Amino acid sequence: MLIFAHRGASADAPENTLLSIDLALEQQADGIEIDVYQLGNELVVIHDRWVSRTTNGDRALSDYRLAELQALDAGQGQCVPTLRQVLQRVQGQCLMNIEVKGVKDILLLNENINKAVSEFNFSTEQFIVSSFDHHMIKAFKRIAPIIKIGALTANNPIGHAKFAQELNAYSVNADVSFVDEAFVIDTHSRGLKMFVYTVDEPEDLLRLQQWGVDGVFSNGPGKARKALVDRSKS
């Protein structure tokens, strides 16, 4: 089972910051999940449309210029990084799940991934582009067919993973609250991977492992890995 650091590793560092990225790498996460918005001609790593929850700013993200945004305090001396800064920090050491939230220019996203491959020791196989905006990931798949896409869902749809198969997705990225064994079985029967967010409790993790889930997004990847190791020893 793959363990992704959710928003970096936000239990012990400010989420979606370079510090959280460093922590995820220290904990030997198999992958890192980050959230991306477009700000002008730059992609920035932040979870919300408004910056007040994760920084000392109080406006909508779109009201800032990049320099203004990066001058805000995101906690523990951190700022809001760009996607390029995150990828440069990771240097191909693990998988990257890029959750696209507010991105209009999918060519810009593809350009960032291509530069990471050419400059930062990544392979195209290390990227998953995911979103709740299924129109966007469908369009992205058309221009970048080699890059894997993950179809996000916060429910257990009628037809289970049929929607993701129709998108030519690599994975279903589903909310832990709604995943059941039937959903996992259906996902695998369609040749797709099942990834589940946000899995922070060992009981949830071990149940999902028993069902054959392929990976989880966790705020504590080190703790999650320990739970799996402990189970294997029992």
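Helices here are DSSP runs of H or I of at least four residues, strands are runs of E of at least two, and both are numbered from the N terminus. The model is predicted, so I kept local features to pLDDT of at least 70 and side-chain atom pairs to 80 or more, while totals for chains, interfaces and linings use all residues. Numbering runs from 1 along each chain as its sequence is written, and side-chain values use heavy atoms, without hydrogens or water.

Next I listed the buried residues of α1 (under 20% relative accessible area, with over 50% exposed and partly exposed in between; 1.4 Å probe, protein chains only). They are Leu-18, Ser-20, Ile-21, Leu-23 and Ala-24. They pack against β1, β2 and α3. I took contact as heavy atoms within 4.5 Å.

I then checked Ile-34. Its contacts include Ile-21, Val-45, Leu-83 and Ile-98, not counting residues up to four places away in sequence.

Then I turned to rings. Rings of Phe, Tyr and Trp (its six-membered ring) pair with centres within 6.5 Å; planes under 30 degrees apart are stacked, over 60 edge-to-face, the rest tilted. I found six aromatic pairs. Phe-4 and Phe-217 are tilted, at 4.9 Å centre to centre and 40° between the planes. Phe-4 sits in β1 and Phe-217 in β9, 213 residues apart. Both are buried. Phe-132 and Tyr-197 are edge-to-face because their planes stand at 85°, with centres 6.4 Å apart. Phe-4, Tyr-170, Phe-195 and Phe-217 make one aromatic cluster.
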